[in-house]
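Please open the model in your viewer and keep the sequence beside it. The tour below moves from one selection to the next.

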Amino acid sequence: MVTSDSKLHVAHLVNYLGPAGKERGIMKLIDNIDTERFDNTIICVNAIREHAGMDYSRFRIINLEMPLGNNFNLPFILKKLFQEEKFD
């Protein structure tokens, strides 16, 4: 339960972080969300593709740096991460 003096810790899960449509959509969402109420973290499964036009300083990034292809351990890795980070 969220009290008036605590923030919701929100996780956004993406395969890649770079200058593409889905990533720009998440960036717009984060830009327009109330930072007094929400703390945003992006979990990047595969890779972060740096781009001059993207500002990654407004949120926390967790990069799992997993290789391409299916990884049957990913659900267990994410479960552990979500428990450790206490996402809401």
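Select His12: does it count as buried or exposed? His12 counts as buried because its relative accessibility is 11%, where buried means under 20% relative accessible area, exposed means over 50%, and partly exposed lies in between, with a 1.4 Å probe and protein chains only. Before going further, note that this is a predicted model, in which local features need pLDDT of at least 70 and side-chain atom pairs count only at pLDDT 80 or more, while totals for chains, interfaces and linings use all residues. Residues are numbered from 1 along each chain as its sequence is written, and side-chain values use heavy atoms, with hydrogens and water left out.

Keep His12 selected and show what surrounds it. Leaving aside neighbours within four places in sequence, His12 is in contact (heavy atoms within 4.5 Å) with residues including Ile26, Leu29, Ile30 and Asn40.

His12 has its place in strand 1, and Asn40 is found in strand 2; helices (H or I, at least four residues) and strands (E, at least two) are DSSP runs, numbered from the N terminus. Strand 1 and strand 2, the latter covering residues 38–48, pair in the parallel sense over nine bridges, where pairing requires that DSSP finds at least two bridges between the strands.

Show the whole sheet next: it is open, has three strands in the order 1-2-3, and is paired in parallel. Its edge strands are strand 1 (8–17) and strand 3 (60–63), each of which pairs on one side only.

Then select helix 1, residues 21–32, which packs on the sheet, touches strand 1 and strand 2, and makes about 160° with the direction of strand 1; axes are lines fitted to C-alpha atoms, for helices over the stretch in contact, and angles run from 0 to 180 degrees between N-to-C directions. Helix 2, residues 74–85, lies across strand 1, strand 2 and strand 3, and runs at about 155° to strand 2.
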